[in-house]
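Dear colleague,

I am passing on a structure that you have not worked with before. Please have it open while you read, as the notes below follow it part by part.

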Amino acid sequence: MKLQYLGTGGAEGFPGMFCACRACRRAREQKQYKARSCSLINDSVLIDLSPDLYVQSLRFDADLTAVRALVVTHSHRDHLDLFGVCLRARDGASLRPDLSEAENRLPVFGGEKVLAAIRAELDNQPHANRARLELHPLRPGASFRVQGLEFYPIEANHKPDEQCFIFAVREGQNWLLYANDTGALPQKSLKAICGLGAVFDVVSMDCARGTLPGDGHMGLAENIALRDFLRQNGCAKETTRYYLNHFSHMCGLLPDEMEALAAKQGFTLARDGMTLTI
């Protein structure tokens with residue numbers, strides 16, 4: 001399995017677009033940049049669609065015409081750029097002579113609020129062909145298969161008025177836990193992870209809070225707690241690799257500073273464009 005991080009920053013990006021805090025000023029000076037979070041698996045499945053995706057795809061030579069499915073964690077606009085999603089439904093904007101009429105559609109997997117937001121945006125797009133997007137509702141514990149990957153949706157702890165998701169992803173014997181956006185996971189979600197029988201090769205965790213206490217996002221303390229839980233319950237092994245994603249300016253540290261701190265725990269701070277083989 002191939003995982004490519006196209007963006008690894010928080011909602012405001014790093015440095016924040018209009019932010020003049022000390023961390024963002026230093027990030028600009030040192031050119032330590034993080035775009036909004038989204039990732040590609042095996043070049044064909046996109047997890048979230050960030051408002052930075054167009055530039056990200058050009059910067060990292062990611063061919064978005066190869067994307068055959070979109071999996072959305074939740075409806076916050078740094079993860080769900082509705083205009084970008086609906087461009088795929090506009091035949092004048094997305095000409096696909098490489099696909100037959102039956103193939104010319106993008107499956108989109110998301111919770112109820114995600115799908116409702118996409119439907120509402122389609123209503124405002126007079127040139128959109130709704131048949132180009134196949135909307136599939138997610139349910140915790142209801143796995144689905146797309147592009148040879150098995151996805152297991154697990155409820156996140158992020159947005160109180162919305163059912164948000166993290167994902168366990170399996171390809172053959174290889175397992176990925178993709179866990180952002182979320183704070184510390186509730187017991188039912190931890191139980192669901194244990195029930196999969198998975199031993200993860202890679203664990204990618206939200207770390208928007210950095211050194212601050214967690215809330216609807218994890219910080220380093222919650223990352224350590226999740227790693228320890230996975231180890232204690234046989235869901236991780238000695239060779240499991242841990243990556244911290246969705247890092248923001250909240251705690252005042254630059255990416256390089258957070259990376260040094262994370263390394264003491266055996267974690268790697270994910271970087272824009274980083275590619276993993278799982």
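Two aromatic rings, taken from Phe, Tyr or Trp (for Trp its six-membered ring), are called a pair here if their centres lie within 6.5 Å, and a pair is stacked if the planes are under 30 degrees apart, edge-to-face if over 60, and tilted for the rest. Please keep in mind that this is a predicted model, in which local features need pLDDT of at least 70 and side-chain atom pairs count only at pLDDT 80 or more, while totals for chains, interfaces and linings use all residues. Residues are numbered from 1 along each chain as its sequence is written, and side-chain values use heavy atoms, with hydrogens and water left out.

A search of the whole structure gives eight aromatic pairs. In one of them, the ring centres of Phe 14 and Phe 247 are 5.9 Å apart and the planes stand at 35°, so this pair is tilted. Phe 14 belongs to the loop between strand 1 (2-7) and helix 1 (22-30), and Phe 247 to the loop between strand 12 (236-245) and helix 7 (255-263), so the pair ties together parts 233 residues apart in sequence. Helices (H or I, at least four residues) and strands (E, at least two) are DSSP runs, numbered from the N terminus. Both Phe 14 and Phe 247 are buried, a word that stands for under 20% relative accessible area, against over 50% for exposed and partly exposed in between (1.4 Å probe, protein chains only).

Phe 109 and Phe 144 form a stacked pair, with 4.2 Å from centre to centre and 10° between the planes. Phe 109 sits in strand 5 (residues 106-110) and Phe 144 in strand 7 (residues 144-146), 35 residues apart. Phe 109 counts as buried at 8% relative accessibility, and Phe 144 is buried as well, at 11%. Ring pairs join Phe 109 and Phe 144 with Phe 151, Phe 165 and Phe 167 in a cluster.

As for the fold, the protein chain has seven helices and 14 strands. Seven strands make up an open sheet of mixed pairing, in the order 6-5-4-3-2-1-14, where two strands pair if DSSP finds at least two bridges between them. Its edge strands are strand 6 (133-137) and strand 14 (275-277), each of which pairs on one side only. Within the sheet, strand 3 (residues 45-47) and strand 4 (residues 69-71) pair in the parallel sense over three bridges, and Val 45 has Ala 69 in strand 4 as its bridge partner.

Of the 278 residues of the protein chain, 56% count as buried.
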